[in-house]
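Open the model in a viewer and keep the selection panel at hand. The stops below say what to select next and what is there.

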Amino acid sequence: DGGYGFLHGVGLVWHEGKLYASFAHNKNPENTTGEEARWRVSEDGGRTWSAVFDMDKGTPEVAVSHGSFLSHRGKLWAFLGAFSGERKNVHTRAYVLDEKRQVWQPRGVIVRDGFWPMQEPLRLSNGNWLLAGFDVGNGEPASVAISQGGDFTKWEHVVIPRDPALKTMWGESTVIVEGNQVLNIARYGGEALALVSRSRDGGRTWTPMRPSNLPMATSKPYAGTLSTRQRYLVCTTTADTKGQRAPLTIAVSRPGQALFSKVFRIRNAEHSSGESHAGARLAYPYAVEHEGYLYVGYSNSGGRRGNNNSADLAVLPLDSLRAN
């Protein structure tokens, strides 16, 4: 619609009984001037959606792109990556939804130095919140931001070190939080393996980022913990992935356990519903749990190039993800 081609970076959140979705739109190529943050809302669990609205159209100097949501204490927050030129001066901006006017109110730049958020803030046991992402520039390392308590306008930026043997990466990252212990899972630039790092002090210090033994496409991952106490990871996790972004899968652990023990296929590139194409790339997932279901949003290239994607939604019953 309206001349937009590029679409990427679906974000999802349930807030006050409604399902919100955001994404980046651009009439030009991705990550160039003209990128806009846009959103829609569903009042029937994702079956039907509103028109597309603007979150922030940016300016001729600054483009605003995709990011993450947080519903907290009656307010709906958004944290969006922004940049100038072609991914220069990358930073993160915060917004709060004015629900009466259905307008997003800016709360300013909250993290600088290249940080781009990839997941919603997760609460640590010390009362701070942790926002996972990565840094654009300086080797594209995985990184996080840590809030000052419940103030979502003040964050400390922490870059995760990497093993000296790790030469290249594109560190879009996601985290699993248990108390103040954090597992970071990041995208590798060189091989179809998940990179991992651990923190035991709420994200302030980290083990060096290293390749794991888990196959994972070179794409943005999304992880979390279900109410069933199962850890999960959405990406493309197959033994022979070789970087292909299909099928879209979810790896899960047994309840209360740390290791992923089973992988389910969410969908193939060719599928009976949604956009189907043998060459479709299913990528950049985002997930949110609600009333017994896991809602997974993702980009579907439909065989096109340049991330001129559709946005898809898969709704998974938690009962279907049992690994015991």
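Rings of Phe, Tyr and Trp (its six-membered ring) pair if their centres lie within 6.5 Å; planes under 30 degrees apart count as stacked, over 60 as edge-to-face and the rest as tilted. By this rule the count comes to 14 aromatic pairs. This is a predicted model, in which local features need pLDDT of at least 70 and side-chain atom pairs count only at pLDDT 80 or more, while totals for chains, interfaces and linings use all residues. Residues are numbered from 1 along each chain as its sequence is written, and side-chain values use heavy atoms, with hydrogens and water left out.

**Aromatic rings**

Select Phe79 and Phe152. They form an edge-to-face pair, with 6.3 Å centre to centre and 80 degrees between the planes. Phe79 lies in strand E6 (residues 75-84) and Phe152 in strand E13 (residues 151-159), so the pair ties together parts that are 73 residues apart in sequence. Strands (E, at least two residues) are DSSP runs, numbered from the N terminus. Phe79 is buried at 0% relative accessibility, and Phe152 is buried at 2%. Here buried means under 20% relative accessible area, exposed over 50%, and partly exposed in between (1.4 Å probe, protein chains only).

Next, select Tyr20, Trp39, Phe53, Phe69 and Trp104, which ring pairs link into a cluster. Val41 is in strand E3 (residues 36-42) and counts as buried, at 12% relative accessibility.

**Charged side chains**

Which ring does lysine 27 lie over? Lys27 is over the face of Tyr4, at 5.1 Å from the ring centre. A charge sits over a ring if NZ of Lys or CZ of Arg is within 6 Å of the ring centre and within 35 degrees of the ring normal.

Move to Arg231, in strand E19 (residues 231-235). Arg231 is buried, with a relative accessible area of 9%. Its side chain and that of Glu178 are joined by a polar contact of 3.3 Å. Such a contact is a pair of N or O atoms within 3.5 Å; within protein, one must be able to donate a hydrogen and the other to accept it, and residues adjacent in sequence count only if both atoms are side-chain atoms.

**The cavity**

A search of the whole structure finds 1 cavity of 30 Å³ or more. A cavity is a set of points on a 1 Å grid over the protein atoms alone where a 1.4 Å probe fits but cannot get out; lining residues have an atom within 4 Å of a point. About 40 Å³ of space lies in the largest cavity, volume being the space filled by probe spheres set on the points. To see its lining, select Gly9, Val10, His66, Gly67, Pro117, Met118, Lys220, Tyr284 and Tyr286. Strands E1 (6-15), E5 (63-72) and E22 (282-290) are the elements that give two or more residues to this lining.

**Backbone**

Most residues other than glycine have a negative phi, and most peptide bonds are trans. Select Ala246 and Pro247: a cis peptide bond joins them, with omega about 0 degrees. Pro247 is in the loop between E19 and strand E20 (248-253).

Arg73, in the loop between E5 and E6, has a positive phi near 50 degrees. Arg73 counts as exposed, at 78% relative accessibility. Finish at Asn138, where phi is positive at about 55 degrees. Asn138 lies in the loop between strand E11 (129-135) and strand E12 (142-148) and is exposed, with a relative accessible area of 79%.

How values were computed. On a 1 Å grid over the protein atoms alone, a cavity is a set of points where a 1.4 Å probe fits but cannot get out, and a pocket is an open set with protein on both sides within 12 Å along at least five of seven lines; lining residues have an atom within 4 Å of a point. Helices (H or I, at least four residues) and strands (E, at least two) are DSSP runs, numbered from the N terminus.
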